[in-house]
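Have a look at the model first, then follow the tour below.

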Amino acid sequence: MKIIVPMAGRGSRLRPHSLTVPKPLIPVAGKPIVHRLVEDIVGVLNEEIDEIAFILGDPAFFGDEVVESLKALATNLGAKPTIYRQLDPKGTGHAIMCAKDSLSGPAVIAYADTLIRADFDLDKDADAVIWTKKVKNPEAYGVVNLNENNEIIELVEKPEKYVSDQAVIGIYYFKDVSQLKKELQYVLDNNIINGGEYQINDGIKRMMAAGKIFKTGTVDEWMDCGNKEVTVETNQRMLGFLAEAKTKLIAENITNDNSKIIEPCFIGENVILKNSTVGPYASIGKGTIIENSTVKNSIIQTNSKIKNANLDNAMIGNYATFDGKFTNVSIGDYSELK
């Protein structure tokens, strides 16, 4: 089994945080989004993973440090790491085809801006499985249309009339991904463009037209990391799940000077807390100093300095300095608010 992870985009909806750090590497509950996603997929599949292929963008943005972290992720999961580049962002279908040398045999394709909680077995009789989540407002999503055998016969983007309440979340299983490769090659060769880009859906639609059987794999939880608001919410939910699983979230070597920690929280290595209250639902990256502050329901990344603050629903990047009483902020790496 292979896992293919397109992550070439820079994540404009999560700026300023994604200006200097690729969005899939922004931490949620103390771990980069893409690391959590891949580990969760491996857990769901419960199969040996031979290769994990990452499709990255411009090396100036997805540099050596990113590459090494992803290689380590794959290696730690017992898989061969492979790195591809999409230097010209031309859509989801084009991104997948940048990894065409790895597109053979059984594979999962997963876009790295979402997190899941799921527990199910793949339907091995299907040619492909599309992960979905039941939603209350299907008109806001791409959804699947099912026949009487619960097979997917159509993908419908933001339907004006009710089709189903099963939204596509961006994770797919293919019994033989070379079939998708064949159809996407046709899409590229014939310049089939939707929304100005080559889309994975056009390859999937061609597979369906050729009689391939698609089924759904429904997840229990689908957590988006598309913008600051939903990323903070996802951090809260993930901390709750990890706390229920009794995962250790607070490093042994933090300094706690007259401060209160309200769990669940993630607190990284060498964090210093002085005269502060942290939590619930706060994630504090390694090396950060928090002084005379209250921080809850927020993400603060590494090596930042927070002083005299009352933060709720906040997201602060790496090496940032914040001194003030703002309550709802979003500032990126190396920013300063004093």
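## Starting at one serine

Let's begin in strand 19, residues 282-284, which is where you'll find Ser-283. Keep in mind that this is a predicted model. Is Ser-283 buried or exposed? Its relative accessible area is 3%, and anything under 20% counts as buried, so Ser-283 is buried.

Who are its neighbours? Leaving out residues up to four places away in sequence, Ser-283 touches Ala-29, Gly-30, Asn-235, Leu-239, Phe-266, Ser-298, Ile-299 and Ile-300.

## The whole protein

Now zoom out. The protein has six helices and 28 strands. Its C-alpha atoms fill a box of roughly 65 × 40 × 35 Å along the principal axes. For 338 residues, a compact globule would have a radius of gyration near 20 Å, and this protein's 21 Å agrees with that.

Take the contacts with a separation of 6 or more, and 54% of them link residues 24 or more positions apart.

## Helix 1 meets helix 2

Helix 1 (residues 33-45) and helix 2 (residues 64-76) have axes that come within 11 Å and cross at roughly 20 degrees. Angles under 35 degrees count as roughly parallel, so that's the label for this pair. Their crossing is right-handed.

On the helix 1 side, the contact is made by Val-34, His-35, Val-38 and Glu-39, while helix 2 brings Ser-69, Leu-70 and Leu-73. Sorted by class, that's four nonpolar, two polar and one charged residues.

## Helix 5 and its neighbours

Next, hop over to helix 5, residues 200-209, whose buried residues are Ile-200, Asp-202, Gly-203, Ile-204, Met-207 and Met-208. What do they pack against? The list includes helix 3 (92-97) and helix 4 (178-189), along with strand 8 (128-134), strand 10 (152-157), strand 11 (166-174) and strand 12 (214-218). Just after helix 5 comes Gly-211, with a positive phi of about 95 degrees.

Look at how helix 4 and helix 5 pack: the angle is about 115 degrees and the axes are 8 Å apart. This crossing is right-handed.

Most residues other than glycine have a negative phi, and most peptide bonds are trans. Here are some places that go the other way.

One runs from Glu-263 to Pro-264, with omega near 5 degrees, and Pro-264 sits in the loop between strand 15 (260-261) and strand 16 (265-267). Another joins Gly-279 and Pro-280, with omega about 0 degrees. You'll find Pro-280 in the loop between strand 18 (277-278) and strand 19, the strand that holds Ser-283.

Then there's phi. Lys-246 isn't a glycine, yet its phi is positive, near 60 degrees. Lys-246 lies in the loop between helix 6 (228-244) and strand 14 (255-257) and is exposed, with a relative accessible area of 73%. Asn-308 also has a positive phi, about 55 degrees. Its loop runs between strand 23 (305-307) and strand 24 (310-312), and at 30% relative accessibility Asn-308 counts as partly exposed.

How values were computed:
Residues are numbered from 1 along each chain as its sequence is written. This is a predicted model: local features need pLDDT of at least 70, side-chain atom pairs count only at pLDDT 80 or more; totals for chains, interfaces and linings use all residues. Side-chain values use heavy atoms; hydrogens and water are left out. Axes are lines fitted to C-alpha atoms, for helices over the stretch in contact, and angles run from 0 to 180 degrees between N-to-C directions. Helices (H or I, at least four residues) and strands (E, at least two) are DSSP runs, numbered from the N terminus. Angles under 35 degrees count as roughly parallel, over 145 as roughly antiparallel, 65 to 115 as roughly perpendicular and the rest as oblique. A crossing is left-handed if the near helix is turned anticlockwise from the far one by less than a right angle, and right-handed if clockwise. Contact means heavy atoms within 4.5 Å. Ala, Val, Leu, Ile, Met, Phe, Trp, Tyr, Cys and Pro count as nonpolar, Asp, Glu, Lys and Arg as charged, and the others, Gly among them, as polar. The radius of gyration is taken over C-alpha atoms; the globule rule is 2.2 Å times the number of residues to the power 0.38. Buried means under 20% relative accessible area, exposed over 50%, partly exposed in between (1.4 Å probe, protein chains only).
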